[in-house]
Amino acid sequence: MIRDQRLPSDELRRLDETIRGEWPTGAAVDFEDAVAYHESLPRRKRFADVLESAEIPLLQPRAGVPRLEDQIDLLEYLHESGGADLLPTTIDSYTRDNAYEKARKGLENARETDEDTLNGFPAVNHGVDGCRELIDAIDAPIEVRHGTPDARLLAAITFAGGFQSFEGGPISYNIPYTNRHGLAETIENWQFVDRLAGAYTERGVRINREPFGPLTGTLVPPSIAIVIMLIEGKLAATQGVRSLTLGYGQVGNVVQDVAALNALKKLGEEYLPDEVCVTTVFHEWMGGFPPDEARANGVIGLGGLTAAIAQPDKVITKSPQEFQGVPTKEANAAGLRTTRQVIDMAIEQDIDIDGIDREQDLIERETRHLLEAVLEAGNGDVVRGTLEAFDSGALDVPFAPSDSAKGAVLPARDDDGRVRILEWGELAMDDEIKEIHQARLSQRADTEGRDRSFRMVADDVDAISEGKLIGRPEPRGDA
C-alpha cells in the first residue's frame with residue numbers, strides 16, 4: 001500500500017522522464033534551465049512572495065481561453081480593469097482528462113476559427129515556451145487552476161514554464177470531480193506533483209500549492225472541508241512543499257464562514273510543520289447563482305463582506321454572470337471590482353458579530369475528531385488513514401461523484417442558515433456534536449412546521465439561486 005513517505009530523488013527522476021515522454025512538449029522540460037528562468041523573474045511575479053506578504057486580502061478571478069494571445073489579453077484586462085492582484089490560468093477540460101490530442105485539435109480549431117473552441121488554456125500543448133511567453137507578458141503572479149486527477153505532466157510543463165502556484169490535490173481533485181480514478185491512484189499521482197514542487201523549493205524556487213477548498217461546492221460542512229485541507233497540506237509538506245494555501249468555500253452564513261476561515265488558519269498552523277508558510281484562500285459562493293445580475297452582485301457583495309471580516313490572504317472572486325456559465329471579461333472584472341469595493345469599505349471597521357467564537361470552537365472540535373480518526377485508522381500514516389477513512393465512511397464528502405467516497409453525508413441549513421449535518425452515514429463524530437446538529441435542524445423544522453427530511457437538503461441547494469439563503473417552504477394560504 002502507498003504510504004506517506006517522501007519520494008526518493010532517483011524515483012522522482014525516473015517518473016519525470018516517463019511522464020514527460022507522454023507528449024512531445026515534455027521533451028523541452030529541463031530542470032536546471034527552469035530554475036534559472038524562475039530566478040530571473042522579478043519579485044512582483046513570484047507568487048508565494050506576493051501572497052505571503054499581503055496586508056489585505058488579495059483578489060484573484062478564474063479565467064482561461066485556448067489561444068496564447070487571447071489569454072494574455074484576458075489576463076491583462078483583468079489585472080488592469082478588474083484590479084486583480086493575482087491571476088489565474090484555467091486549464092481546458094481535455095487537458096484535465098489527459099486527452100492531449102483532443103486538446104491539440106481544439107487549439108488548432110481555435111486558431112483557425114478565432115473562436116474559443118476549448119473551455120480553458122491547453123498549457124501542455126502550448127509547452128514550456130508558450131507558458132513562458134505568458135509569464136513574461138503579464139506583470140503579476142499567475143497560478144495554474146485546473147481540476148486534474150493526474151496533473152503530473154501539466155505540473156512538469158507549467159513549473160518549467162514559470163508558473164509558481166499550482167492548485168489542487170489528491171482528494172480535492174478526485175472526490176468532487178471524477179469517478180474514473182481511485183483515491184490511492186490520485187494520491188500517488190499527486191505525490192509526484194508535490195515532490196516536484198518540493199524539488200524546486202529546495203533550489204530556492206518556492207512553488208505555492210493550493211488544495212481546492214470548496215470540494216463539491218454546495219453546502220459542504222466546514223469541518224469536512226478543513227480536514228481535507230489539513231490532510232492534503234500534510235501530504236504536500238511530506239514531499240517538501242513549503243508554501244501552502246488552504247482553501248474554504250463560502251456557505252453564505254457570515255458567522256459560520258468567518259468562524260471557518262479562522263479555524264482553517266489556526267488548525268493549519270497547528271497541524272502543519274513549522275517550516276511551512278500557511279496562507280488561506282476564500283472562494284466566493286460556488287453553488288448556483290441567481291440569473292439576475294443585480295441579485296448575483298448581492299451574493300458577491302456578501303462574499304466581500306465576509307472576507308473583510310475574516311481577512312483571508314486571498315479571495316477567489318465570482319462574476320454577476322455565473323448563472324450563464326463562462327462570463328465575459330467585462331463581467332469577470334466587474335466581480336473583482338465589486339468585491340474590492342466591499343472589502344475596502346468594511347475592512348477598517350470594527351465589525352463585532354456575536355457567535356463567531358462559539359461557532360469556531362464547534363468547527364475545531366469537529367475537525368479534530370475527523371483528523372484524529374484518519375490518523376488512528378492509518379496508525380499515524382496519513383495516506384493509509386485517508387484511504388481507510390474514506391473506505392469506511394469515517395471521512396466523507398456530500399454530493400460526491402467519486403466511487404472513493406460513500407456520499408452518505410447529507411447537509412442542510414439550520415434556522416440561521418448555518419450548514420449542519422442531517423444524515424451522518426459513518427462519519428467519525430462524537431454523539432454530543434451530533435446532538436448539537438440534530439437540535440439545530442429540529443429548531444428549523446419547528447419554525448417551518450415540517451419534519452427534518454431530505455426535502456430540506458433539496459430546498460437549500462437551490463435557495464441562493466432563487467434569491468434566498470435558507471430553502472424554506474412557501475407559506476400555505478388559508479384553506
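Helices here are DSSP runs (H or I) of at least four residues, numbered from the N terminus. The model is predicted: local features need pLDDT of at least 70, side-chain atom pairs count only at pLDDT 80 or more, and totals for chains, interfaces and linings use all residues. Residues are numbered from 1 along each chain, and side-chain values use heavy atoms, without hydrogens and water.

**Pockets**

A pocket is an open set of points on a 1 Å grid where a 1.4 Å probe fits, with protein on both sides within 12 Å along at least five of seven lines; lining residues have an atom within 4 Å of a point. Volume is the space filled by probe spheres set on the points.

| Largest | about 980 Å³ | 34 residues |

Arg62, Ala63, Thr90, Val326 and Pro327 are the closest to the centre of the largest pocket. Helix α4 gives the largest share of that lining, 3 residues.

**Cores**

A nonpolar core joins buried (under 20% relative accessible area, 1.4 Å probe, protein chains only) Ala, Val, Leu, Ile, Met, Phe, Trp, Tyr and Cys residues through side-chain atoms within 4.5 Å. The largest has 126 residues; Tyr200 is among those that touch the most other members. Helix α10 (residues 222-238) supplies the largest share, 11 residues. A second, separate core has 7 residues, including Leu410 and Met456.

How values were computed:
Buried < 20%, exposed > 50% of the residue type's maximum accessible area, 1.4 Å probe, protein only. Helix = DSSP H or I, 4+ residues; strand = E, 2+ residues; numbered from the N terminus.
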